Amino acid sequence: MTKRIFRSTLFVAVVVLIACFVTILGVLYGHFHDIAENQLKDQARIIARAVENEGIAYFEDFESIANRITWISADGKVLYDSHSPAEELENHADREEFIEALASGEGSSRRYSSTRMEYMTYFAYRLSDGSVLRVSITHQSVYTLTLNMLNPILMIIAVAVALSAFLAMRLAKRIIKPLENLNLDEPLKNDAYEELAPLLTRLEHQHRQLNAHMEELTRRKNEFNTISDGMNEGMVLLDGKNNVISINKRARQLFNAGEDSVGKDFLTLCRRTDIQEAIASAAAGDKAELNVELGGREYQVEADPVMSGSKVQATALIFFDVTDKSRAEQMRREFTANVSHELRTPLHTISGSAEIIKDGLVEPEDVPRFAERVYDESQRMISLVEDLMRISRLDEGAEDVERVPLSLMELAEDAVKRLKPSAEEKNISLNISGDSGALTGVKPLLSELVYNLCDNAIKYNRENGRVDINIKEDEKRVVLSVSDTGIGIEHESLDRVFERFYRVDKSHSKAIGGTGLGLSIVKHAALLHGAGIELDSEPGKGTEVRVSFPV
Ligand code: ADP
């Protein structure tokens, strides 16, 4: 803008200067012309007087001057001409100034001279003998005079243009300075030009509108961020060029990305070709779905086109964490396989024994042995089926089961009583100590929990070992501890013993009637009562299980 004001001001100054220059030249030309004409008249009169006195002799030693002098007789014949031989010149009787001078004593005219071939001004003066003396001047002379003034005028103009340029620049800067210093954040506080007041008022209005819009946008953005960041699913919005428009907290964690990933190409966050293909498909308008593994977890990815009319405006990527779901599915599959496997073995034994007896291949004295095997395997199946039923009841949810006040000590004493025969078989001492352990809970489940822990402590114990059952209670919790002096559990199996059908030593467990379900029932029952389980074990020394119930 400074340049524009500068250029305009300078242009006006130069135009004015040129106009002045032309006007001055015109005025000068007129002025010089008048002077030249007056001089011409004076000269004509003086020469006329001299010629009147001296006749043609006056011209004999006449020094040629710039002005042309012509002496014409009364009949128009040229008697003398300062610039051409008189005899060569035609009769001048028809010349305007000559006719006028003859008539009134003086005459003048301005015209093109065929003799000189240029524009001339003539002045004629009649002498007493009727002849006429004429003096003429070329326009050229006036031009020359005027043009002589050109150089100083041009110099003045050059100085004036330079001065104008300097002043125009200063002026432009001075005009622009208040505009440069305008405070656009608070338009009404400016004190620049009166003429700017409507514009500044308008700006202030728009400023306020803009602020209100910005606030609304920020509020909506925060709202959106709060909602999307609170989502368990990862969500990424991409524009048509695959640049990230929005990415929520979960997705940022998934791709180890920072909040600055907005605006970046999604390729910089994830280079997986399968996900990129899904994005390309969504960008073409087709929804795509796939399962991927990211950071050790399994995700179902949905790439949806976001349409505006018939055009795909953006792509929404949603990452559902399906790890637990697929783990549960896998567990269900494994559970079914395990159940079938666990049931098949005793069933084979039963059916095999029954077949041999049916075919009469067993000696009568061996029948009781076979019958015992059938009985043992059916017992095993019964306990397996009972455990399975308990597990499936727990799976279905035992929240609605009635909770009653009970004493953990009573349950422990009951378990000890039931397990006494098997403990005696291995000469294991069962010691019970501690508080009453008053709780509110599901009695059959807690009874099962205590029984299973004590049963394991006996089953995986050595001959002459001991089992200590201790119950400790304070205002906050009741802790049941069952410790034994048995075979212990290897470190790497500690986390797995609570899984269904997991057994450290499968054949040993089976041999002693284990189903691999005891501890998973314990875990379920504890979870249902909000209790935590801790397991300490050292192979060859023994195991301690602590279940801590909140009161
Ligand atoms: P099981 O019916 O085979 O006893 P559990 O779920 O009760 O099944 O136990 C799972 C596995 O954990 C057992 O097979 C056994 O290997 C191990 N285990 C459980 N309790 C003890 C313990 N007190 N001492 C040593 N090993 C144990």
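**Notebook: rings, loops and overall form**

I began with Phe59, which counts as buried at 5% relative accessibility; buried means under 20% relative accessible area, exposed over 50% and partly exposed in between, using a 1.4 Å probe and protein chains only.

Before going on, I note that this is a predicted model, in which local features need pLDDT of at least 70 and side-chain atom pairs count only at pLDDT 80 or more, while totals for chains, interfaces and linings use all residues. Residues are numbered from 1 along each chain as its sequence is written, and side-chain values use heavy atoms, with hydrogens and water left out.

**Aromatic pairs**

I searched the whole structure for aromatic pairs and got six; rings of Phe, Tyr and Trp (its six-membered ring) pair if their centres lie within 6.5 Å, and the planes count as stacked under 30 degrees apart, as edge-to-face over 60 and as tilted for the rest.

I then turned to Phe255 and Phe319, whose pair is edge-to-face, at 5.4 Å centre to centre and 75 degrees between the planes. Here too distant parts of the chain are linked, since 64 residues separate Phe255, in the loop between helix H6 (249–254) and helix H7 (273–283), from Phe319 in strand S10 (residues 311–321). Phe255 counts as buried at 9% relative accessibility, and Phe319 counts as buried at 0%.

Which residues form one aromatic cluster? I list Tyr58, Phe59, Trp71 and Tyr80.

**Backbone angles**

Most residues other than glycine have a negative phi. Asn242 sits in the loop between strand S6 (234–238) and strand S7 (244–247). Phe501 also has a positive phi, near 70 degrees, and is found in the loop between strand S15 (477–484) and helix H12 (506–511). With a relative accessible area of 5%, Phe501 is buried.

**Asp304**

Is Asp304 buried or exposed? At 18% relative accessibility, I count Asp304 as buried; the residue lies in strand S9 (residues 297–308). Leaving out residues up to four places away in sequence, Asp304 touches Ala282, Lys287, Ala314, Thr315 and Ala316, a contact meaning heavy atoms within 4.5 Å. From Asp304 to Phe32 I noted 93 Å in space, C-alpha to C-alpha, and 272 residues in sequence.

**Whole protein**

I recorded 13 helices and 17 strands. The radius of gyration is 63 Å, whereas a compact globule of 551 residues would have one near 24 Å; the value is taken over C-alpha atoms, and the globule rule is 2.2 Å times the number of residues to the power 0.38. Along the principal axes, the C-alpha trace spans about 195 × 60 × 40 Å. Of the 551 residues, 38% count as buried. Finally, for contacts between residues at least 6 apart in sequence, I noted that 54% join residues at least 24 apart.

Note on methods
Helix = DSSP H or I, 4+ residues; strand = E, 2+ residues; numbered from the N terminus.
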